[in-house]
Amino acid sequence: MASAGGQGSPQFPGGLAPPPPAANPSHQSGQQDANAANGSNNTLNNDWVCPGSFEELHKKCKDLMPQPFEGCKLLINKGLSSHFQVNHSIHLSSANNSSYHFGATYVGNKQLSPTEAFPVLVGDMDNNYNLNAQIIHEIVHGLRTKCVIQTQKAVWQMAQLGLDYRGKDFVASVTTANPNIIDESGVVAFHYLQSITRKLCLGAEYLYQYGGGMEGAVLSLGGRYTGKNWIAAATASGMNVNMTYYHIGNESVRAGVDLDVNLRTRESVVSLGYELDVQKANMTVKNSIDSNWTITSVIEKKLLPMPFTLTLSGILNHVSNKCQFGVGFIVG
Amino acid sequence: MVSFISESETDDQNHSITEEEDEFIEETIGERLWGLTDMFPEIVQNSISVIATFSMRGGKNVIWFTSKAIWITSTSFMMLVLPVMLEIERVTVEEQQLQQQRQILLGPNAAASGYGPSTQGLGALPSMPGPQPKS
């Protein structure tokens, strides 16, 4: 809950950070993989050994899973300068209402590395007047703040403020969501991730919620182990156990398995996902098979030489025999 | 024709029906054939009935399972594997066509070594198509 967006360190597709999750985040994962495996294509270099922040323990595997959508989507990205980028997106859908989103991304001057610069301001506005905005800034070296605001029409829905400090081999962060001093309500989360050896890192999360006469706290522990070309991560709390395994086959095949057990409702889901990067055909395919008898597939094909991308997505549930398909087109 | 009288009938009135009378108890063909099963002993009847029921049910289950399995594997194959296969094949055929075109234009040497002018120098003529002497 405190990890809405889940972006610890923004990465750049071709110069600018990606828009918030409302728009299409398809460019992001490919670029991050390129950054993470820039040493050699088959092994994982130091970037992902440790630590990436507690919320990103399962990121590699979750990024493999396809993000399906329904209906017809058109996304136009326009870079106005090397710092500023604007995107328009139209989503026609019969399941949810059709919508038009306008988003803007600004990246500031403080450049840490070729792929990271701060501050980053990302905003997204809906045709129903829903606003989604994020500011990420690095105040001093190692100390980053993140502020996320969501409004629905003119009503505040969620405000989240986070601070994280990256030391030499650890990451500590504090995040609060919807803090309301007057009503005495809010959620506070503390994360800490420490790298024990170069391959193993362990961490903990403490989530405290107060408000409306209700008070509760959740402690969860997690760890990640990085092998030569695989990563295994696990997080466990009183409510939820989540284990993932990520494997790089060769430079075009990556696979991952994700086990999610909900201890409250006693339900578990296993999903197997893989990504095929067919360079020859400029195509990326992400597929996943579920233990709920659901198969999901997302295909992205770059129509070179123009900067167009065609996206096809499909979900098929064998048990209920329901399917949903989507077509998307990305310009720029 | 002799009509058989069921032994279990105890109604007095039925005793008046003698074997000589021409009254038949109406029986369908199915009932007559079913009656023939009485010639087998109990155990044989029971076991044959059990075997027949099981094989009917088993056959239905096998057909149901096979049809479901075929449907699930074929739709999953169509969604997961087919687009990749078709696209790779299309790109391969396109590459081959390009290579053929290059071969026609510039000669088989250019096609084998990739593309671009011949490596002999600026003034060299492109090689003629046809068998080339091995150098």
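## Surroundings of Thr309(A)

Leaving aside residues up to four places away in sequence, Thr309(A) touches Glu300(A), Lys301(A), Lys302(A), Gly328(A), Phe329(A) and Ile330(A). The model described here is a predicted one. Thr309(A) belongs to strand E18 of chain A, which covers residues 308-317. Its relative accessible area is 9%, under the 20% limit, so Thr309(A) counts as buried.

Lys301(A), one of the residues that Thr309(A) touches, also takes part in the contact with the other chain. Its side chain meets that of Glu87(B) in a salt bridge, with an N to O distance of 2.8 Å.

## The two chains

Chain A contains two helices and 19 strands. Of its 332 residues, 42% are buried. Among contacts in chain A between residues at least 6 apart in sequence, 36% join residues at least 24 apart.

Chain B has four helices and zero strands, and its elements follow the order α-α-α-α from the N terminus on. Buried residues account for 10% of the 135 residues of chain B.

## Contact between chain A and chain B

The contact involves 21 residues of chain A and 14 residues of chain B. Together the two chains bury about 1,300 Å², and 76% of this area is on carbon and sulfur atoms. On the side of chain A, the residues that lose the most area to chain B are Lys280(A), Ile295(A) and His318(A), which together make up 34% of what that side buries.

Between chain A and chain B there is one salt bridge, formed by the side chains of Lys301(A) and Glu87(B). Four residue pairs, with both residues at pLDDT 80 or more, are in polar contact between the chains. Four strands of chain A each give two or more residues to the side that touches chain B: E15 (267-278), E16, E17 (294-303) and E18. The largest share, five residues, comes from E17(A). Sorted by class, this side of chain A has 13 nonpolar, six polar and two charged residues.

## Nonpolar cores

The largest nonpolar core has seven residues and draws on both chains: Val278(A), Ala281(A), Met283(A), Val285(A) and Ile299(A) from chain A, with Val84(B) and Val91(B) from chain B. Two elements give two or more residues to this core, namely strand E16 (283-290) of chain A and helix H3 (82-106) of chain B. A second, separate core has six residues, including Leu64(A), Met65(A), Tyr246(A) and Ile248(A).

Within chain A, and not counting residues up to four places away in sequence, Met283(A) touches Leu276(A), Asp277(A), Val278(A), Ile299(A), Glu300(A) and Lys301(A). In chain B, Met283(A) touches Pro83(B), Val84(B) and Glu87(B). Among these contacts, Lys301(A) and Glu87(B) are the two partners of the salt bridge, while Glu300(A) and Lys301(A) are also touched by Thr309(A).

## An exposed loop residue

Asp183(A) is placed in the loop between strand E8 (170-180) and strand E9 (185-195) of chain A. With a relative accessible area of 56%, over the 50% limit, Asp183(A) counts as exposed. Asp183(A) and Phe308(A) lie 125 residues apart in sequence, and their C-alpha atoms are 50 Å apart in space.

Definitions and conventions. Residues are numbered from 1 along each chain as its sequence is written. Chains are lettered from A and ligands numbered from 1 in the order in which they are written. This is a predicted model: local features need pLDDT of at least 70, side-chain atom pairs count only at pLDDT 80 or more; totals for chains, interfaces and linings use all residues. Side-chain values use heavy atoms; hydrogens and water are left out. A nonpolar core is a set of buried Ala, Val, Leu, Ile, Met, Phe, Trp, Tyr and Cys residues joined through side-chain atoms within 4.5 Å. Buried means under 20% relative accessible area, exposed over 50%, partly exposed in between (1.4 Å probe, protein chains only). Contact means heavy atoms within 4.5 Å. Buried area is the accessible area (1.4 Å probe) that two parts lose on being put together, summed over both. A salt bridge is a side-chain nitrogen of Lys or Arg within 4 Å of a carboxyl oxygen of Asp or Glu. A polar contact is a pair of N or O atoms within 3.5 Å; within protein, one must be able to donate a hydrogen and the other to accept it, and residues adjacent in sequence count only if both atoms are side-chain atoms. Ala, Val, Leu, Ile, Met, Phe, Trp, Tyr, Cys and Pro count as nonpolar, Asp, Glu, Lys and Arg as charged, and the others, Gly among them, as polar.
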